[in-house]
Amino acid sequence: MEPVISARHCDISESLRERALGFLDRLGALAHRPVDSAVVFATDAGQHLVELRLHVSHGEVLVANGTADDHRSALDRAEAKLRKQLERLAGRVRDARHASPDLKPI
């Protein structure tokens with residue numbers, strides 16, 4: 001999986017790019033068979049925005065957005081949101097595998 005990093009209406013430093021790649025590597029390790037990942041840095045009306053996208057197997061795409069006064073903080077916020085989504089997804093998969101076949105969904 002080769003992550004895509006893009007910047008809209010802003011420039012990002014090499015250290016921020018490396019930090020984003022590190023986050024994607026760690027989050028990709030938590031995901032079950034990640035397919036694709038992307039980070040989009042943007043600046044809009046003085047706000048710094050970061051969007052993390054992680055495409056996991058079975059066609060699900062997880063998206064997390066972070067907003068802050070700088071890109072580093074926005075990236076941290078988006079990473080926390082995506083981590084929470086991955087934990088929830090892992091719980092759903094685990095619950096589905098261990099559900100009793102006698103129980104019918106409500």
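**Exercise 1. A charged pair around E51**

E51 is partly exposed, with a relative accessible area of 24%. Task: in this predicted model, find which residue forms a salt bridge with E51, and how far apart the closest N and O atoms are.

Solution. 
- Step 1. Begin with the general idea: side chains of opposite charge can pair when their charged atoms come close.
- Step 2. The partner of E51 is R53, and the closest N and O atoms are 2.6 Å apart.
- Step 3. Check the accessibility of R53. Its relative accessible area is 30%, so R53 is partly exposed.

**Exercise 2. The other salt bridges**

Task: state how many salt bridges the structure holds. Then say which helix or helices hold R19 and D76, and where R83 and E79 lie.

Solution. 
- Step 1. The count is 3 salt bridges.
- Step 2. R19 pairs with D76, with 2.6 Å between the closest N and O atoms. This pair links distant parts of the chain: R19 belongs to helix 1, D76 to helix 2, and they are 57 residues apart.
- Step 3. R19 has 27% relative accessibility and counts as partly exposed. D76, at 30%, also counts as partly exposed.
- Step 4. R83 and E79 meet through their side chains in a salt bridge of 2.6 Å, N to O. Both are in helix 2, 4 residues apart, which is about one turn of the helix.
- Step 5. Sort this pair by burial, where buried means under 20%. E79 has 11% relative accessibility, so E79 counts as buried. R83 has 27% and counts as partly exposed.

**Exercise 3. Strand 3 meets strand 4**

Task: say how many bridges join strand 3 to strand 4, and which residues of strand 4 are on its covered face.

Solution. 
- Step 1. There are 8 bridges, and the two strands run antiparallel. L49 has T67 of strand 4 as its bridge partner.
- Step 2. The two strands form a hairpin with 4 residues between them. In the turn, H58 has a positive phi of about 70 degrees.
- Step 3. The covered face of strand 4 has L62, A64, G66 and A68. V61, V63, N65 and T67 are on the uncovered face.

**Exercise 4. The core**

Task: find which element gives the most residues to the largest nonpolar core.

Solution. 
- Step 1. This core has 24 residues. Those with the most contacts inside it are V39, F41, V50, L52, L75 and L82.
- Step 2. Helix 1, strand 2, strand 3, strand 4 and helix 2 (71-98) each supply at least two residues.
- Step 3. Helix 2 gives the most, with 6 residues.
- Step 4. Look at V50. Beyond four places in sequence, its contacts include V39, F41, A64 and L75.

Notes: Residues are numbered from 1 along each chain as its sequence is written. This is a predicted model: local features need pLDDT of at least 70, side-chain atom pairs count only at pLDDT 80 or more; totals for chains, interfaces and linings use all residues. Side-chain values use heavy atoms; hydrogens and water are left out. Buried means under 20% relative accessible area, exposed over 50%, partly exposed in between (1.4 Å probe, protein chains only). Two strands pair if DSSP finds at least two bridges between them. A nonpolar core is a set of buried Ala, Val, Leu, Ile, Met, Phe, Trp, Tyr and Cys residues joined through side-chain atoms within 4.5 Å. Contact means heavy atoms within 4.5 Å. A salt bridge is a side-chain nitrogen of Lys or Arg within 4 Å of a carboxyl oxygen of Asp or Glu.
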